[in-house]
Amino acid sequence: MQLALIEKALKMVCDMGIEIEKKFLVNKEKWREVVKEQRSLFRQGYIVSDPGKTIRVRLTDTAGYITIKGRSVGAVKPEYEYAIPVEDAKELLDNFCVSEISKIRNFITHDGKLWEVDEFLGENEGLIVAEIELDREDETFSLPAWIDKEVTHEKRYSNSNLSVNPYKHWNH
């Protein structure tokens, strides 16, 4: 069931060319109690990262992707993501990306919706962010008990920002 939700989410993004996503900080103490059934190590680098557009390369445990994102309007942004060979993803990350992050992505189903929860590594260690992709910006959904607060509109929590302004250097 969970794999089917993940595949549906990826297909939806590729087919529609838009992403509707909300972001939340995670309560670390409550998160420790959650059973993490499916996880993947992500290495993610940025070829271009400015307020109007981002070109990202992602390497997971099993696949590579290149993603082009446009400017956000609320929780909506244009997004085009394509699978690429793993070796191409490694080469792009090693030779073309100007910044990079790494994280463990957890896939959690709550109330029939897929949540992607990122536990950041390296310079961003200690930060845990949950994302949910929606069909509509005004779609209703229930929040898991481990959600702390919404940060959808706080650009400092974007992965591209974290790659150049790591969480470790913030004044908490």
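Buried residues have under 20% relative accessible area, exposed ones over 50%, and partly exposed ones lie in between (1.4 Å probe, protein chains only). The model is predicted, so local features need pLDDT of at least 70 and side-chain atom pairs count only at pLDDT 80 or more, while totals for chains, interfaces and linings use all residues. Residues are numbered from 1 along each chain as its sequence is written, and side-chain values use heavy atoms, with hydrogens and water left out.

**View 1. Aromatic pairs around Phe 24.**
Phe 24 and Trp 115 are both buried. The structure holds seven aromatic pairs; rings of Phe, Tyr and Trp (its six-membered ring) pair if their centres lie within 6.5 Å, and planes under 30 degrees apart count as stacked, over 60 as edge-to-face and the rest as tilted. One of the pairs joins Phe 24 to Trp 115 in a tilted arrangement, with 5.6 Å centre to centre and 55° between the planes. This pair links distant parts of the chain, with Phe 24 in strand β1 (residues 18–26) and Trp 115 in strand β7 (residues 113–120), 91 residues apart. Helices (H or I, at least four residues) and strands (E, at least two) are DSSP runs, numbered from the N terminus. Phe 24 also forms an edge-to-face pair with Phe 141, at 6.2 Å centre to centre and 80° between the planes. Here the partners are 117 residues apart, Phe 141 being in the loop between β8 (128–133) and β9 (147–150). Phe 24 counts as buried because its relative accessibility is 4%, whereas Phe 141, at 23%, counts as partly exposed.

Ring pairs link Phe 24, Trp 31, Trp 115, Phe 141 and Trp 146 into a cluster. The charged end of Lys 36 sits over the ring of Trp 31, 4.5 Å from the ring centre. A charge sits over a ring if NZ of Lys or CZ of Arg is within 6 Å of the ring centre and within 35 degrees of the ring normal.

Side chains of opposite charge can pair when their charged atoms come close. A salt bridge is a side-chain nitrogen of Lys or Arg within 4 Å of a carboxyl oxygen of Asp or Glu, and a search of the whole structure finds 18 of them. In one of these, the closest N and O atoms of Glu 81 and Arg 56 are 2.9 Å apart. The pair links distant parts of the chain: Glu 81 lies in strand β5 and Arg 56 in strand β3 (residues 53–59), 25 residues apart. Glu 81 counts as buried at 5% relative accessibility, and Arg 56 is buried at 6%.

**View 2. The salt bridge between Asp 138 and Arg 136.**
The closest N and O atoms of Asp 138 and Arg 136 are 3.1 Å apart in this salt bridge. Asp 138 counts as exposed because its relative accessibility is 59%; Arg 136, at 47%, counts as partly exposed.

**View 3. Val 86 and its contacts.**
Val 86 is in helix α3 (residues 86–95) and counts as partly exposed at 28% relative accessibility. Leaving aside neighbours within four places in sequence, Val 86 is in contact with Leu 59, Thr 62, Ala 63 and Gly 64, where contact means heavy atoms within 4.5 Å. Val 86 and Gly 64 are 22 residues apart in sequence and 4.7 Å apart in space, C-alpha to C-alpha.
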